[in-house]
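Here is a short report for a first look at this model. It starts with a bond between two side chains and moves on to the chain as a whole.

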Amino acid sequence: MFRRIKNRFLRYFVIFIYFVILFFCAIELNFLWLFGYTPDMQAIKEPSLSLPSEVYYADGTLIGRFYREDRSPVEYKDISPNIINALVATEDVRFYNHHGIDLYGTFTSMLSTAKGDKRGGSTITQQLAKNLFETRSRKSQGLIKHVPLIRTIVYKCKEWITALKIEHVYSKQEILTLYLNTVPFGSHAFGIKTASLKFFNQLPQKLNPAESATLIGMLKATTTYNPINNPDNALQRRNTVLGQMLKYKYVSQADYDENTKLPLNLDLSYTGNGSQGDSYLREAVERWLKKWCRDNDYDLYNDGLKIYTTIDPRLQHYAEIAVAEKMKMLQSRFYDLWGKKNPWQDLGGHEKVDFVQKNEEKLPIYALLQKKYNNNTTLIDQYFEKPKQMKIFTWHGERDTTLSTIDSIKYYAKLLNTGMMTMEPSTGKIKVWVGGINFKYFNYDHVNQAKRQAGSTFKPFAYCAALDNGFTPCDKFTDQFVSIKYMDGGKQQVWEPKNATYVFTGQEMSLRWAMGASINSITAQLTEKVGWDKVVEYAHKCGIESPLKSVPSVCLGTNDVSVYEMVRAYSTFLNKGQKIDPILVSKITDQDGNTLATFEPHQEQAISEEVAWLMLYMFRGGMEEPGGTSQALWEYPGLWKKDNNQIGGKTGTSSGFVDGWYMAITKDLVTGIWVGADDRSVHFTNAETGEGSHTALPIFGDFMQRVYADPKSGYTYGPFPKPWVKITKPYDCPSPREETDSLTDSLSHPIDTLNKPAAPPAKTDTTTQPPGN
């Protein structure tokens with residue numbers, strides 16, 4: 001048909017135009033999957049923005065958000081003309097005169113590039129097409145992506161096609177609004193409102209020409225011209241944008257002169273909705289949902305999910321207060337104990353001289369320094385010894401200071417941390433999750449990421465195994481020296497545990513008394529009778545998942561476990577012997593409230609109801625038996641305002657006072673708390689300061705007082721449940737008591753004045769000290 005055109009040059013031109021049209025049609029249709037996705041008119045009319053997912057407490061209160069693009073849309077009328085003028089003057093001066101494609105700008109851009117001066121020729125509409133519809137993303141790429149030059153041409157053509165569609169659907173004002181709501185400003189900030197609040201703590205309509213030029217100037221390179229990290233570059237770029245505004249008569253010469261003399265005047269105090277609400281709880285939810293999102297093809301950061309947790313905001317608040325108050329006190333005690341001495345010592349009391357060096361080597365930058373300085377340790381040491389400005393965590397608030405890397409390592413190594421979790425065993429719902437003292441400075445979660453030696457809190461699994469295999473709470477053993485021979489790795493070993501007091505009393509004690517007073521020698525004898533394999537078996541039955549080394553000392557908590565596991569395992573006793581998997585998320589919906597998933601706990605019978613109830617009776621021994629290690633709770637009168645209230649629990653302390661634990665049971669809840677330093681060589685030195693009854697137990701006492709004091713908490717005083725089935729084993733065997741005029745608990749305060757059953761002074765419960773036990 002082209003032969004009809006007699007003029008050869010005209011014929012070639014028509015053929016060229018014909019094939020150009022075919023080429024654009026092929027791109028639009030994604031012919032043979034060569035060109036990838038191009039947004040159709042429906043997608044242009046209903047653009048889909050990346051939406052953050054939101055996490056809520058059980059009552060619907062917002063906890064935090066998950067997003068890659070922190071955006072908060074704004075309308076055109078709420079955008080300062082200074083922003084609009086700066087954008088047009090800098091990015092697309094002929095914006096109001098074209099229909100999405102600036103042919104003159106494209107031609108001059110190609111000409112400048114050919115001369116070595118690379119300059120962008122995309123219009124604002126083309127940039128919107130790229131930002132909003134991701135015309136260069138993986139899903140938009142076809143098979144042609146493997147051909148470099150052709151790939152670039154296709155990308156540009158897609159942007160042209162999409163820009164023309166955008167101009168057909170939207171007005172110029174709407175295009176500018178869409179662009180400013182989607183453009184990235186770096187640091188996960190998307191949109192002009194987020195950026196203006198983040199950098200100037202101002203809404204977009206209030207920005208002056210200098211502030212507007214600063215933000216628009218960032219669009220060329222958000223890192224290079226970031227006013228926080230590169231203020232000199234940002235100032236220079238801002239003035240360039242102001243120069244463009246002057247050139248195209250958007251500002252007068254006087255305004256230009258005035259604004260170019262201004263400093264950046266950043267205001268970084270805004271911490272509003274732009275925050276993701278980073279916390280141990282938010283991160284725990286993300287870990288919790290990782291598999292669900294993968295299995296169900298959801299993106300937590302883009303799909304706008306609404307996630308409802310089981311966390312009770314009242315209980316969470318009380319737990320966080322208790323942790324803050326008691327940990328602040330414990331840290332002061334720790335500083336007083338060590339004074340100017342370094343606390344990183346082995347169990348023999350010898351300082352670890354290579355402690356700082358080993359921590360330097362763990363830093364990500366260490367390998368880079370080795371490469372940079374060719375393993376020259378002198379230069380590496382000089383780097384770590386050089387003072388640097390930094391913000392540090394303190395219990396009196398965040399503080400600006402100057403420290404070397406070495407000083408920083410020493411400072412943070414001395415800080416104690418904690419993990420706390422509370423669960424409602426009847427429903428499996430986790431009510432409290434406190435992963436540490438401060439998420440910003442200590443990201444590691446001490447509820448389910450950290451694992452530490454459980455100490456005497458592990459003893460109940462030995463007693464549980466015994467009760468389920470012929471023993472009763474009234475069976476008696478003598479507190480005496482024990483020597484147990486066993487095979488480990490093909491070699492015969494001997495274990496001779498000592499009591500925490502280093503004394504064997506020769507006293508005949510019931511199993512309830514022995515567990516309540518945390519007597520190591522009797523627990524060891526019982527383990528020998530039952531078998532340490534049985535102890536491991538019952539720990540796993542109840543809910544411990546960590547690998548446990550089957551040796552006699554397993555009964556004294558020498559294996560590493562998490563707070564999460566311990567709370568789950570203890571919940572089995574209050575849940576009629578049924579092991580129940582804790583749930584942190586109850587429901588997930590989409591943006592419109594349509595339910596996508598609900599979560600119910602899995603349960604299975606682990607031990608009989610009779611043994612479970614007897615274990616609850618055994619736990620009460622910590623408060624009721626002579627020398628019960630939970631009796632420091634008498635110090636908290638708010639726990640005992642009703643005479644019928646019952647609390648059971650178990651303290652625990654690992655060798656060398658490295659780890660302090662308290663596991664608590666009320667009629668409704670199970671709480672687990674761990675306290676210690678992140679590095680195991682940093683620890684307390686004596687029972688008076690470092691036992692679980694002095695570190696972890698006070699957090700529970702303070703927390704539970706606050707819960708009971710709040711009538712809206714939903715949790716009240718009361719006794720443990722009555723037996724669920726007929727109890728066939730004898731259990732009511734009162735222990736003998738010595739008369740005393742004034743009794744003191746572990747905090748050296750009188751407890752007999754609380755009108756509670758008298759008990760001897762609480763005995764220590766450290767699991768395996770002295771070293772070797």
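C474 and C733 are joined by a disulfide, with an S to S distance of 2.2 Å. The model is a predicted one. A search of the whole structure finds one disulfide.

Where does this pair sit along the chain? C474 lies in the loop between α18 (459-467) and β11 (476-478). C733 lies in the segment after α27 (697-709). The pair therefore ties together parts that are 259 residues apart in sequence.

The disulfide also has a hand. The torsion about the S-S bond of C474 and C733 is about -100°, so the disulfide is left-handed.

Are these cysteines buried or exposed? C474 has a relative accessibility of 17%, so it counts as buried. C733, at 18%, counts as buried too. The cut-off for buried is under 20%.

C464 is in no disulfide. The nearest cysteine sulfur to C464 is that of C542, and it is 4.4 Å away. C464 is buried, with 0% relative accessibility. C555 is buried as well, with a relative accessible area of 0%.

| Residue | Relative accessibility | Class |
|---|---|---|
| C474 | 17% | buried |
| C733 | 18% | buried |
| C464 | 0% | buried |
| C555 | 0% | buried |

Next comes a pair of helices. Two packed helices are described by the angle between their axes and the distance between the axes. Helix α8 covers residues 192-200, and helix α9 covers residues 209-218. Their axes are 11 Å apart and meet at an angle of about 115°. The crossing of α8 and α9 is right-handed.

Which residues make the contact between α8 and α9? From α8 come I192, A195, S196, F199 and F200. From α9 come E211, T214, L215 and M218. Six of the residues in this contact are nonpolar, two are polar and one is charged.

Now the chain as a whole. It has 27 helices and 22 strands. Of its 773 residues, 52% count as buried.

How much of the contact pattern comes from residues 24 or more positions apart? Among contacts in the chain with a separation of 6 or more, such residues account for 72%.

Terms used
Residues numbered from 1 in each chain as written. Predicted model: local features only at pLDDT ≥ 70, side-chain atom pairs only at ≥ 80, totals over all residues. Heavy atoms only, no water. Disulfide = S-S within 2.5 Å. Helix = DSSP H or I, 4+ residues; strand = E, 2+ residues; numbered from the N terminus. Buried < 20%, exposed > 50% of the residue type's maximum accessible area, 1.4 Å probe, protein only. Contact = heavy atoms within 4.5 Å. Axes fitted to C-alpha atoms, helices over the stretch in contact; angles between N-to-C directions. Left-handed = near helix turned anticlockwise from the far one by under 90°. Nonpolar A, V, L, I, M, F, W, Y, C, P; charged D, E, K, R; others polar.
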